[in-house]
Amino acid sequence: MDLEKYSFVLAGRLRKQIVLLLDEPKTPTQLMTAIKTQDSSIARTLRELRKEKIVICLFPEKKKGRLYKLTKQGGDIRTKLTK
C-alpha cells in the first residue's frame, strides 16, 4: 500500500468518510445523504480522490447517475482504516 496516499486520506475527514462508505459503488447523492454534507463538498472530494487514483468513476460521460468505486489501492486503504 502507498503510505503517502493512506496519509492523504487520513488528513481529510471527508476523504476518510467517503473511502469508508464505498464498500460498494455509490452515487454522489448517496454519499451526500450518508454524510449529511453539501453536494459541492462531495464533488470536490471525489475529484481529489480520483486524481490520486483512490476512486474511479464508472460512467464519467454521464451527467447524472455516476457511480464511484474504490480502486485496488483504495480498497487496501479502506481495509487498513477498518482494522
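Is K26 buried or exposed? K26 is buried, at a relative accessible area of 15%. Here buried means under 20% relative accessible area, exposed means over 50%, and partly exposed lies in between (1.4 Å probe, protein chains only). This is a predicted model, in which local features need pLDDT of at least 70 and side-chain atom pairs count only at pLDDT 80 or more, while totals for chains, interfaces and linings use all residues. Residues are numbered from 1 along each chain as its sequence is written, and side-chain values use heavy atoms, with hydrogens and water left out.

Stay with K26. It lies in the loop between helix 2 (13–21) and helix 3 (28–35). Helices (H or I, at least four residues) and strands (E, at least two) are DSSP runs, numbered from the N terminus. The K26 side chain makes a polar contact with the side chain of D23, at 2.7 Å. A polar contact is a pair of N or O atoms within 3.5 Å; within protein, one must be able to donate a hydrogen and the other to accept it, and residues adjacent in sequence count only if both atoms are side-chain atoms. D23 and K26 also form a salt bridge, with the closest N and O atoms 2.7 Å apart. That term requires a side-chain nitrogen of Lys or Arg within 4 Å of a carboxyl oxygen of Asp or Glu. D23 counts as exposed, at 52% relative accessibility, whereas K26 is buried.

Side chains of opposite charge can pair when their charged atoms come close. How many salt bridges does the structure hold? The structure holds five. One of them joins the side chains of K5 and E52, at 3.0 Å from N to O. This pair links distant parts of the chain: K5 sits in helix 1 (residues 3–10), E52 in the loop between helix 4 and strand 1, 47 residues apart. K5 is buried, with a relative accessible area of 16%. E52 is partly exposed, at 24%.

Helix 4 has its own charged pair. E48 forms a salt bridge with R15, and their closest N and O atoms are 3.1 Å apart. E48 lies in helix 4 and R15 in helix 2, so the pair ties together parts 33 residues apart in sequence. R15 counts as buried, at 14% relative accessibility. E48 is partly exposed, with a relative accessible area of 26%.

Next, the loop between helix 4 and strand 1, where K53 is placed. K53 is exposed, with a relative accessible area of 59%. Its phi is near 60°, a positive value in a residue other than glycine. K36 has a positive phi of about 60° and is not a glycine. K36 lies in the loop between helix 3 and helix 4, and counts as exposed at 73% relative accessibility. Most residues other than glycine have a negative phi, and most peptide bonds are trans.

The side chain of T71 reaches the backbone oxygen of K53 at 2.8 Å. T71 is found in the loop between strand 2 and helix 5 (72–82). T71 is buried, with a relative accessible area of 17%.

Now turn to F59. It lies in the loop between strand 1 (55–57) and strand 2 (68–70). F59 counts as partly exposed, at 34% relative accessibility. The charged end of K62 sits over the F59 ring, 5.5 Å from its centre. For such a placement, NZ of Lys or CZ of Arg must be within 6 Å of the ring centre and within 35 degrees of the ring normal. K80 lies over the face of Y6, at 5.6 Å from the ring centre.

What do I56, L58 and F59 form on the surface? They form a nonpolar patch, with about 220 Å² of accessible area together. Patches are made of residues with over 30% relative accessible area and no salt bridge; like charges are joined within 9 Å, nonpolar side chains (Val, Leu, Ile, Met, Phe, Trp, Tyr) within 5 Å. Accessible areas come from the Shrake-Rupley method with a 1.4 Å probe; for residues, only the protein chains shown count as cover.

V9 lies in helix 1 and is buried, with a relative accessible area of 0%. The C-alpha atoms of V9 and R50 are separated by 12 Å, 41 residues apart along the chain. S40 lies in helix 4 (residues 39–51) and is partly exposed, at 47%. Its C-alpha atom is 9.7 Å from that of P28, twelve residues apart along the chain.
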